[in-house]
Each structure stands twice: as structure tokens, then as C-alpha cells.
Amino acid sequence: MKPEEWKAVIAEGIGTALLIFGGISFIIIDFGPGSIVASYVPDAMVRRFVTGFLFGSVGCLITLSPLGRISGAHLNPAVTIAFFGRGLLPWRALFGYIIAQLAGATLGAEALAVWGSMGDSLREGITVPGHNVGTAFAGEAFVTFCLICVILLFTSHDRLKAYTPFMIPPLFSVLVGLEAPLSGCSANPARSFGPAVWSGIWTDHWLYWLAPVTGTFGALLVFALPVLQWLRTDIAKLYHFRHDETGFLRGQEQPASI
């Protein structure tokens with residue numbers, strides 16, 4: 001890899017670490033024992049909607065930040081796979097980003113130890129099936145499908161692309177609010193991987209890879225339909241679309257920074 005590409009990979013890892021730490025911290029604050037939020041908002045479903053919005057807000061802020069400007073703020077192997085499937089990333093970017101995301105998620109999950117027993121009570125934000133594997137798989141595949149469809153729609157539409165980061169909080173609010181009891185609403189293999197590493201709990205962990213990949217491929221098939229061929233994403237980023245100092249976020253070798 002070129003130095004500029006390593007810079008993007010490292011930024012992706014740092015961004016993912018911040019997402020995992022910040023997002024799961026909100027889960028701990030809202031659902032941990034002695035939660036002040038729970039005393040004011042006793043309804044668990046309402047708190048899930050709030051938590052999903054806050055988790056999504058962390059992702060939104062990272063996307064808008066200098067880290068997002070450098071890496072594109074995928075923060076999720078499913079998003080990277082989707083952009084790769086749209087022909088926007090070379091193989092080295094696919095593997096580099098996914099490795100960085102897993103490493104970042106592991107570091108971010110380790111930092112959750114600062115919450116002490118409050119975090120331990122929630123097993124540091126692990127995701128496991130809520131009812132049975134079948135419904136959890138379907139739920140994970142569906143929420144990832146929704147996430148990737150929305151990202152591909154917004155990033156490929158001239159009038160919507162500038163709003164891509166801002167759709168993440170409300171989208172996750174709805175998805176987490178409704179789906180979390182089934183699987184935890186991960187929609188992100190890295191988000192499930194990091195906490196599993198430190199908790200040592202790998203219950204049906206394969207599901208949190210296969211289901212998101214299934215949902216991602218489903219979204220790619222939808223956007224491959226002839227009727228949607230006019231929607232074309234031109235860079236593997238969720239914001240800062242005119243900036244690509246690496247060049248490989250456009251599926252090309254030469255930098256295309258403007």
C-alpha cells in the first residue's frame with residue numbers, strides 16, 4: 001500500500017474504535033444497572049429508540065470529522081463490502097479496511113472497561129440472538145439490507161448525498177427500536193466482533209457475519225436492477241465526496257483530491 005492508503009486504513013480503524021466505544025457507552029448508560037436514563041424513561045422500547053439515535057449520532061459525527069474525510073467512514077465491513085461490490089474499491093482496500101475495522105472495534109471494546117461493573121452487567125455490549133437463531137438471522141439480514149440500501153440511495157443521488165450522515169441517527173433509531181430484541185441489531189460484524197473478543201462470548205457469532213453479508217448482497221442485487229442503473233455512487237465515502245487523497249476510494253490508482 002502507498003502511504004496515503006495506509007493513512008486511510010489507520011483513520012478507518014480509529015473511527016471504528018470511536019464508534020464502538022461511543023455507541024456501546026450509550027447502551028451502557030441507557031440500560032446498565034442504576035441507569036439514570038431508565039429512571040426517567042422506564043419504557044424499554046422508547047429507550048431503544050433513543051439509544052439507536054445516539055449510537056447513530058456517534059457514527060454521524062465520525063463521518064463528518066477529519067477521520068471521515070480521510071477514510072470515508074465505512075466503520076462497518078458490510079459497508080465496505082457494499083462499496084467493493086459497486087466497483088469502488090480494489091481488493092487491497094477491501095481487506096485493509098476490514099482488518100482495520102476489526103482491530104479498531106477490538107480496541108474500542110477494550111476501552112469500555114472504564115464503565116466497570118455497570119458495563120460488565122451488559123457483557124460490554126455483546127450481541128446474541130434474543131429468541132432463536134432463525135429470527136435473529138432474519139432480523140440482522142433485514143436491518144443490514146435497510147442500512148446498505150439507504151447508504152447506496154443517498155450516496156448515489158445528487159440531491160440526497162449531502163444528507164447521508166444525517167440519515168444515520170434516525171435510521172438506527174427505528175432499526176434498534178424495533179429489531180434489537182431479536183438479535184441486538186448489530187448490522188455490523190465489527191460491532192459484534194470487538195465485544196466478543198473481550199467478553200469471550202461467541203454465541204452464534206457466525207450469524208453476525210453471515211446475516212449482514214446476506215443483507216448486503218441483497219441490497220447490491222436491488223441496486224443492480226436495470227430500473228436503478230441511473231443511481232451510481234462515484235466514491236466509497238459517506239461524506240466529503242470531493243476529497244480522496246488515496247485514489248482507491250474511487251476504484252482507481254491515481255489520487256483524485258480536489
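Me: How far apart are the axes of α1 and helix α6 where the two pack?
Reply: Happy to start there, keeping in mind that this is a predicted model. Helix α6 covers residues 91-111, and α1 packs with α6 at an angle of about 35 degrees. The crossing of this pair is right-handed. As for the spacing of the axes of α1 and α6, the value is 7 Å.

Me: Which residues of α6 meet α1, and how many residues of the contact are charged?
Reply: From α1 come E5, A8, V9, E12, G13, T16, A17, I20 and F21, and they meet R92, G96, Y97, A100, Q101, G104, A105, G108, A109 and A111 in α6. Sorted by class, the contact of α1 with α6 has 10 nonpolar and 6 polar residues, and the number of charged ones is 3.

Me: Staying with α1, is D30 buried or exposed?
Reply: D30 lies in helix α1. Buried means under 20% relative accessible area. D30 has 3% relative accessibility, so D30 counts as buried.

Me: What covers the buried residues of α3?
Reply: Helix α3 runs over residues 44-64; its 21 residues reach 30 Å from first C-alpha to last, close to the 30 Å expected at 1.5 Å a residue. The buried residues in α3 are R47, R48, T51, G52, F55, G56, S57, V58, G59, C60, I62 and T63. Their cover includes α1 (3-31), α2 (36-40), α4 (66-71), α9 and α10 (189-199).

Me: Are α8 and α9 roughly parallel or roughly antiparallel?
Reply: Helix α9 takes in residues 164-183, and its axis is 10 Å from that of α8. The two pack at an angle of about 170 degrees. Angles over 145 degrees count as roughly antiparallel. The relation of α8 to α9 is therefore roughly antiparallel.

Me: Which residues of α9 meet α8, and how many residues of the contact are nonpolar?
Reply: On the α8 side are T135, A136, G139, E140, V143, C146, L147, V150, I151, F154 and T155. They meet T164, M167, L171, F172, L175, E179, L182 and S183 in α9. In this contact 5 residues are polar and 2 charged, while the nonpolar count is 12.

Me: How do α8 and α11 lie to each other, and what is the handedness of their crossing?
Reply: Helix α8 (residues 133-156) and helix α11 (residues 207-223) pack at an angle of about 40 degrees, with axes 7 Å apart. The two helices are therefore oblique to each other. Their contact has 18 nonpolar, 5 polar and 1 charged residues. The crossing of α8 and α11 is right-handed.

Me: Is A73, with its positive phi, buried or exposed?
Reply: A73 is in the loop between α4 and α5 (77-85). Its phi is positive, about 55 degrees, although A73 is not a glycine. With 2% relative accessibility, A73 counts as buried.

Me: What relative accessible area does C185 have?
Reply: C185 sits in the loop between α9 and α10. Its phi is near 50 degrees, a positive value in a residue other than glycine. C185 is buried, and its relative accessible area is 5%.

Terms used. Residues numbered from 1 in each chain as written. Predicted model: local features only at pLDDT ≥ 70, side-chain atom pairs only at ≥ 80, totals over all residues. Heavy atoms only, no water. Axes fitted to C-alpha atoms, helices over the stretch in contact; angles between N-to-C directions. Helix = DSSP H or I, 4+ residues; strand = E, 2+ residues; numbered from the N terminus. Parallel < 35°, antiparallel > 145°, perpendicular 65-115°, else oblique. Left-handed = near helix turned anticlockwise from the far one by under 90°. Nonpolar A, V, L, I, M, F, W, Y, C, P; charged D, E, K, R; others polar. Contact = heavy atoms within 4.5 Å. Expected span 1.5 Å × (residues − 1). Buried < 20%, exposed > 50% of the residue type's maximum accessible area, 1.4 Å probe, protein only.
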